[in-house]
Amino acid sequence: MEFEKGKLPEFICDSMFGKLAKWLRMIGYFVIYIKGTERKNFLNNIDLFREKIFITKDKKIKNENIKIFYLDEIYVEKQFKIIVKEFSLNFNNAFTICMECNEMLLKKDKESNKEKIPAFVYKNFDEFYECKKCNRIYWKGSHFQAMQEKLKAIYL
Ligand SMILES: [Zn+2]
């Protein structure tokens with residue numbers, strides 16, 4: 001699939017792809033997650049989301065106005081791999097978006113946030129990011145490194 005130059009693809013994950021939504025946010029892509037309870041309302045208003053890519057396994061959904069990517073895979077690692085390959089995603093913007101809230105992260109000063117950061121992490125890392133909505137602090141720890149390895153493996 002082709003994209004405008006310089007513009008990252010934005011996704012909508014259907015209710016069955018909650019984990020995938022988090023993984024994609026972690027590598028820096030904006031993802032709207034549709035909870036089961038919001039699904040009906042979303043489907044009624046799907047035309048409003050024509051710039052985005054809707055990831056669903058529901059083949060009954062057909063709409064000419066929105067890009068739909070049908071994904072039929074239960075394991076999140078495999079889902080992630082398929083999406084990364086299909087849309088040529090990369091890690092360049094990892095840690096710019098909160099995994100939980102889909103909000104932009106802000107880079108935080110290390111010293112002034114000492115009390116929010118576990119001591120071990122404070123000792124070993126220098127870059128910290130905070131979600132302005134939920135105030136979660138992120139750093140490029142073991143989880144990040146594991147994801148990076150996974151991503152590399154996808155492209156090998
Ligand atoms: Zn957040």
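Guide: From the N terminus on, the elements of the chain run β-α-β-α-β-β-α-β-α-β-β-α. This is a predicted model, in which local features need pLDDT of at least 70 and side-chain atom pairs count only at pLDDT 80 or more, while totals for chains, interfaces and linings use all residues. Residues are numbered from 1 along each chain as its sequence is written, and side-chain values use heavy atoms, with hydrogens and water left out.

Visitor: What makes a stretch of the chain a helix or a strand, and how many of each are there?

Guide: Both are DSSP runs numbered from the N terminus: a helix is a run of H or I of at least four residues, and a strand is a run of E of at least two. By that rule the chain has five helices and seven strands.

Visitor: What is the extent of the chain along its principal axes?

Guide: The C-alpha atoms fill a box of roughly 50 × 35 × 30 Å.

Visitor: Which strands form the sheet of four strands, and in what order?

Guide: The order is β2-β1-β3-β4, in an open sheet with parallel pairing. Strands β2 (31-33) and β4 stand at the edges with a single partner strand each, so one side of each has no neighbour in the sheet. From one strand to the next the twist averages 25°.

Visitor: Why are β1 and β3 called paired?

Guide: Two strands pair if DSSP finds at least two bridges between them. Strand β1 (residues 11-13) and β3 have three bridges, in the parallel sense, and therefore meet the definition. Phe11 stands opposite Ile53 in β3. Likewise, β1 and β2 pair in the parallel sense over three bridges, and the bridge partner of Ile12 in β2 is Ile32. Between β3 and strand β4 (residues 67-70) there are four bridges, again parallel, and Ile55 has Phe69 in β4 as its bridge partner.

Visitor: Which way do the residues of β3 point, and are they buried or exposed?

Guide: In a regular strand the side chains alternate between the two faces of the sheet. In strand β3 (residues 53-56), Ile53 and Ile55 point one way, Phe54 and Thr56 point the other way, and all are buried. The word buried means under 20% relative accessible area, exposed means over 50%, and partly exposed lies in between (1.4 Å probe, protein chains only). Of the 156 residues of the chain, 41% count as buried.

Visitor: Where does helix α1 lie?

Guide: Helix α1 (residues 18-26) lies across β1, β2 and β3 and runs at about 160° to β2. Such an angle runs from 0 to 180 degrees between N-to-C directions, with axes fitted as lines to C-alpha atoms, for helices over the stretch in contact. Buried residues of α1 include Leu20, Trp23 and Leu24. Just after α1, Gly28 takes a positive phi of about 100°.

Visitor: Why is Ser88 called exposed?

Guide: Its relative accessibility is 55%, and exposed means over 50%, so Ser88 counts as exposed. Ser88 is in the loop between α3 (76-86) and β5 (105-108). Most residues other than glycine have a negative phi. Ser88, although not a glycine, has a positive phi of about 50°.

Visitor: What of Asn102 in that loop: is this residue buried or exposed?

Guide: Asn102, in the loop between α3 and β5, has a relative accessible area of 11%, under the 20% limit, and is therefore buried. The phi of Asn102 is also positive, near 70°.

Visitor: How do you know that Glu103 is partly exposed?

Guide: The relative accessible area of Glu103 is 25%, which is between the limits of 20% and 50%, so partly exposed is the term.

Visitor: Which residues does Glu103 touch?

Guide: A contact means heavy atoms within 4.5 Å. Not counting residues up to four places away in sequence, Glu103 touches Thr96, Ile97, Cys98, Cys131, Lys132 and Lys133.

Visitor: Which strands form the sheet of three strands?

Guide: The order is β5-β6-β7, in an open sheet with antiparallel pairing. Strands β5 and β7 (137-138) are at the edges with a single partner strand each, so one side of each is left without a neighbour in the sheet. Strand β6 (residues 128-131) and β7 pair over two bridges, and the bridge partner of Tyr129 in β7 is Tyr138.
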